[in-house]
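The paragraphs below walk through a predicted model.

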Amino acid sequence: MNILDRPLNADLSVDVVYLMCPVHLLELNESIKKIEVGQVLELITDYDRALEDVPRWCEVFGQEFLGVYEDGETYRFYIRRKK
Amino acid sequence: MNRTVYLDNFATTKPAEEVLEGMLPYFREIFGNALSPYDLGQRAREAVEEARVEVAELIKAKPQEIIFTSGGTESNNMAIVGLAKANKKKGNHVIVSTVEHHSITNPARHLEREGFEVTFLPVDRYGVIDLNFLERALREDTVLVSVQLANPEVGTIQPVKEVVRLAKRVGALVHTDAVAAIPQMKVDVDDLGVDALSLSAHLFYGPKGAGALYIRKGVRVQPIIYGGIQEGGRRGGTENVPAIVGMGIAARLLRQNLPTMVPKMQALRDRLIKGLLERIPNLHLTGHPEKRLPGHASFIVEFVEGEAMLLMLAFKGIYTSSGSTCTSKALKASPVLSSMGYPAHLIQGSILFVLSKDTQEEDIDYVLNTMPEVVERLRELSPFKEGWKDMEKWEKATCPHH
């Protein structure tokens, strides 16, 4: 797990705070299509299971997991679109 | 022969024929779950999304800002609890008015038990909220202010735009319960500037069991019903497709018909107010004389008891409410009228008439001809026919809610 010490710049940010499984994964499916290859997506969530789910989702769908920044009670996940 | 005159349109309205017809296929051939991927589900999904566009259009919102709920009560609960909890980091102070519906004040009481501080905003004798009080009550840790757009019981329209202007200074969110306003006035969420707004379908000729909560894009809300991915995960539970479809049709019809409905309703309402005040002595209009909903007339009838008046009017074919529909069931003095400063013995004699799109001149004439004799008859039986006396027992009946 790549823990970041500061947030990254993202081309699109989506906020699913307070929403639970599987909304974070559905949102990744939708949002990744909204950015270009090479661009970075930020997913903001407070759902702990996302720590396992998001890297795994990147693996399955061939996207690059850049890391997670812990921002108080929420997490900011960064994903680079590879394809 | 008796006419049937239904003037209790904030209890509920008669669904429009087009609404009912539009709903039926979603009980029959298109019964699919809107999440199912095959055609039966997809047709249900399309219908839900079309309804979302119609409801959004009615209040000038974007479709993705509409969450379908089971009705006004759920929308109000979600707004109060969901918005307050989602913004707890900012603070734990919430402001609601004393004349809100119980689906606002009771969740606010629940928040108090959860560690929030709730300020109840007082009103003047017309039921208009006190903006000076609000200005002083707002703090840096205020997360949410909820003030209704119009009061269902006395028809008073609240200065919600002013509430938004004041609340923005401290960065508080503003929710408005527009359940009573929607059927009788044009609503534009951007013009109002509110962050959240509640609607209920069955008050605008739609079905019961359908409502919506508008949440401005970018505003976080914590769900109150956890489940699947329906409504973007913000409100779990299989979509009530027929009711949502019905709400969509009702929203479209209302948007189309409101411009002609309002002046017609207002003329009849004015005739009702003027006529009753002329015909019945010791009758008082409650709520604001001008800043009120165009199809709403509410009164206090001295020396009579509301419940008896309702039953006698119903016997003559006239259907109305005393106090709000719910307080008339609970046999308590209305907290709305007591907040406005009316003593309990007067509140017992409250009555309200809410007109609909279908109310006719003959209906109003029938009320004008029938109600004076009903009141006269009740006053003959009243222990107070010679004036008010022995009032202590009435004071005990005041709702301790506020």
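B:Glu49 has a relative accessible area of 31%, so this residue is classed as partly exposed. Its salt-bridge partner is B:Arg52, with the closest N and O atoms 2.8 Å apart. Both residues belong to helix H2 of chain B, and because they are 3 residues apart there, about one helical turn separates them. B:Arg52 has a relative accessibility of 8%, and since buried means under 20%, this arginine counts as buried.

Helix H2 covers residues 39-58 of chain B and also holds B:Val48. The relative accessibility of B:Val48 is 0%, so this valine counts as buried. Beyond its neighbours within four places in sequence, B:Val48 touches B:Ala34, B:Phe68, B:Val241 and B:Ile244. B:Val48 also lies 8.2 Å from B:Glu239, C-alpha to C-alpha, although 191 residues separate the two in sequence.

B:Glu231 sits in the loop that runs between strand S8 (211-215) and helix H8 (241-279) of chain B. With a relative accessible area of 10%, B:Glu231 is buried. A polar atom of its side chain lies 2.9 Å from the backbone nitrogen of B:Phe68. Leaving aside neighbours within four places in sequence, the contacts of B:Glu231 include B:Arg52, B:Ile66, B:Ile67 and B:Glu239.

Two further charged pairs can be followed in chain B. B:Lys62 forms a salt bridge with B:Glu65, and the closest N and O atoms are 3.8 Å apart. B:Lys62 is partly exposed at 42% relative accessibility, whereas B:Glu65 is buried at 3%. B:Asp191 forms a salt bridge with B:Lys161, with 3.1 Å between the closest N and O atoms. This pair links distant parts of the chain, 30 residues apart: B:Asp191 lies in helix H7 (residues 189-192) and B:Lys161 in helix H6 (residues 160-169). B:Asp191 counts as partly exposed at 45% relative accessibility, and B:Lys161 counts as partly exposed at 45%. Elsewhere, salt bridges with shared partners join B:Arg45, B:Glu49, B:Arg52, B:Glu231 and B:Glu239 into one network. Over all chains, the count comes to 32 salt bridges.

Chain A has 2 helices and 5 strands, arranged along the sequence as β-β-α-β-α-β-β. Its radius of gyration is 11 Å, close to the 12 Å that the globule rule gives for 83 residues, so chain A is as compact as a globular protein of that length. The C-alpha trace spans about 30 × 25 × 20 Å along its principal axes. Of the 83 residues in chain A, 43% are buried. Among contacts in chain A with a separation of 6 or more, 66% come from residues 24 or more positions apart.

B:Arg220 forms a salt bridge with A:Asp15, the closest N and O atoms being 2.6 Å apart.

Terms used:
Residues are numbered from 1 along each chain as its sequence is written. Chains are lettered from A and ligands numbered from 1 in the order in which they are written. This is a predicted model: local features need pLDDT of at least 70, side-chain atom pairs count only at pLDDT 80 or more; totals for chains, interfaces and linings use all residues. Side-chain values use heavy atoms; hydrogens and water are left out. A salt bridge is a side-chain nitrogen of Lys or Arg within 4 Å of a carboxyl oxygen of Asp or Glu. Helices (H or I, at least four residues) and strands (E, at least two) are DSSP runs, numbered from the N terminus. The radius of gyration is taken over C-alpha atoms; the globule rule is 2.2 Å times the number of residues to the power 0.38. Buried means under 20% relative accessible area, exposed over 50%, partly exposed in between (1.4 Å probe, protein chains only). Contact means heavy atoms within 4.5 Å. A polar contact is a pair of N or O atoms within 3.5 Å; within protein, one must be able to donate a hydrogen and the other to accept it, and residues adjacent in sequence count only if both atoms are side-chain atoms.
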